[in-house]
Amino acid sequence: MENCREVGQYFLTKLKKTKEVFPFIKEVRGKGLILGVEMSIEGAPVVKTMMEKGFLINCTMGNILRFIPPLIVTKEEVDQVVG
């Protein structure tokens, strides 16, 4: 569970930094390793691009990316997803 708290906070911080780079990100939220990114654009193209790169995420409500990685995810893997 400690990994969940530590890496979850790390992931949340990294996602919040992407908001500075991508103005279409409206909000980043979540707790632990269940995280969401609300966007002002459709999420389906982002999900498709992520899948092509080997990352499995999904989109809810049409514009909210949902990240639910395994509890054993590492900071290095988070860096790959955010990158």
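**Exercise 1. Determine which residues Phe 11 touches, leaving out those up to four places away in sequence, and whether Phe 11 is buried or exposed.**

Solution. Counting contact as heavy atoms within 4.5 Å, and not counting residues up to four places away in sequence, Phe 11 touches Leu 35, Phe 67, Pro 69, Val 78, Val 81 and Val 82. This is a predicted model, in which local features need pLDDT of at least 70 and side-chain atom pairs count only at pLDDT 80 or more, while totals for chains, interfaces and linings use all residues. Residues are numbered from 1 along each chain as its sequence is written, and side-chain values use heavy atoms, with hydrogens and water left out.

**Exercise 2. Describe how helix α1 (residues 2-21) and helix α3 (residues 75-82) pack, giving the angle and the distance between their axes.**

Solution. The axes of α1 and α3 are 10 Å apart and form an angle of about 20°; axes are lines fitted to C-alpha atoms, for helices over the stretch in contact, and angles run from 0 to 180 degrees between N-to-C directions. Therefore α1 is roughly parallel to α3 (under 35 degrees; over 145 is roughly antiparallel, 65 to 115 roughly perpendicular and the rest oblique). From α1, Glu 6, Val 7, Tyr 10, Phe 11, Lys 14, Leu 15 and Thr 18 take part, and they meet Lys 75, Val 78, Asp 79, Val 81 and Val 82 of α3.

**Exercise 3. Locate Glu 38 and identify the side chain with which its own side chain makes a polar contact.**

Solution. Glu 38 belongs to strand β2 (residues 34-39), and because its relative accessibility is 17%, Glu 38 counts as buried. Its side chain makes a polar contact of 3.0 Å with the side chain of Arg 29 (a pair of N or O atoms within 3.5 Å; within protein, one must be able to donate a hydrogen and the other to accept it, and residues adjacent in sequence count only if both atoms are side-chain atoms). Leaving aside neighbours within four places in sequence, the contacts of Glu 38 include Phe 24, Asn 63 and Ile 64.

Key: Helices (H or I, at least four residues) and strands (E, at least two) are DSSP runs, numbered from the N terminus. Buried means under 20% relative accessible area, exposed over 50%, partly exposed in between (1.4 Å probe, protein chains only).
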